[in-house]
Amino acid sequence: MRTDADNVLALAIEVEGDGAALRLVSEAVAALGARITWISILDAQAPVETIAIEIATSRPATHIVDALAGLDGVRSVETNHPHRHVFGKRIVIIGGGSQVGQVVVGAVSEADRHNLRGERISVDTIPLVGERQIAEAVLATARLPRVEAVVLAGALMGGEIERSVRTVQAKGLLVISLNMAGSVPDAADLVVTDPVQAGVMAVMAVAKTAEFDVRRLGSRRF
């Protein structure tokens, strides 16, 4: 478990693309008493791959870098800012194209206001149609890093989508829905009729620089 003494160290490690270096990196991190919090392999088909990794550790960064740089198959180790430092909290907007676009207008405008005050809030979108496709996208948001809120923008959503909503809520994500037909509004944490306002409220709900707490609202439909 991460403690307050832990720092998050982000590294880009160039390795020989034979698959062995990833195992060596993981073992070295564990041997140093650190913990991998996020990892991705870039250019997986290239002779030289890049392992992008974030590590929670109480050790000085130089100890980690030196240990990893000395492993067989490692060509270089570069330190970077963690993704949360660069991109911050993440809001994902899913649904019909026109509704998604209007939610984005509100979310990006409001995020800009808070980001100028020191926040880092990024907005992702994916216009989709089809119950199964949207349900799969909602479930996948819980597997993405930094996501704190999901906005569902459409005219009709229920069934599998509602079940996906309840699943990601149980994992700690805030779900905001447009006021639409179907059972999704009944499951959502917040229901907003105006799509621009839905984007604004999504950002306000995750921003530390906003005095807004969904749990303190007298009503959850607007």
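A polar contact is taken here as a pair of N or O atoms within 3.5 Å, where, within protein, one atom must be able to donate a hydrogen and the other to accept it, and where residues adjacent in sequence count only if both atoms are side-chain atoms. The structure is a predicted model, in which local features need pLDDT of at least 70 and side-chain atom pairs count only at pLDDT 80 or more, whereas totals for chains, interfaces and linings use all residues. Residues are numbered from 1 along each chain as its sequence is written, and side-chain values use heavy atoms, with hydrogens and water left out.

By the polar-contact criterion, the side chain of His114 is paired with the side chain of Glu110 at 2.8 Å and with that of Arg113 at 3.4 Å. His114 lies in helix 4, helices being DSSP runs of H or I with at least four residues and strands runs of E with at least two, both numbered from the N terminus. His114 counts as buried because its relative accessibility is 0%, the term buried meaning under 20% relative accessible area with a 1.4 Å probe and protein chains only. When residues up to four places away in sequence are not counted, His114 touches Glu119, Val203, Met204, Ala207, Thr209 and Ala210, contact being defined as heavy atoms within 4.5 Å.

Helix 4 (residues 97-115) forms, together with strand 5 and strand 6, a right-handed β-α-β unit; right-handed denotes that, with the strands pointing away from the viewer, the path from the first strand over the helix to the second runs clockwise. Strand 5 (residues 89-95) and strand 6 (residues 121-127) run parallel and are joined by seven bridges, two strands being regarded as paired if DSSP finds at least two bridges between them.

At the start of helix 8, a side-chain oxygen of Asp194 comes to within 3.2 Å of the backbone nitrogen of Val196. The buried residues of helix 8, among them Ala198, Met201 and Val206, pack against strand 5, helix 4, strand 6, strand 7, strand 8 and strand 9.

Elsewhere, four strands form an open antiparallel sheet in the order 2-3-1-4. Strand 2 (35-42) and strand 4 (74-80) stand at the edges with a single partner strand each, so one side of each is left without a neighbour in the sheet.

Key:
Buried < 20%, exposed > 50% of the residue type's maximum accessible area, 1.4 Å probe, protein only.
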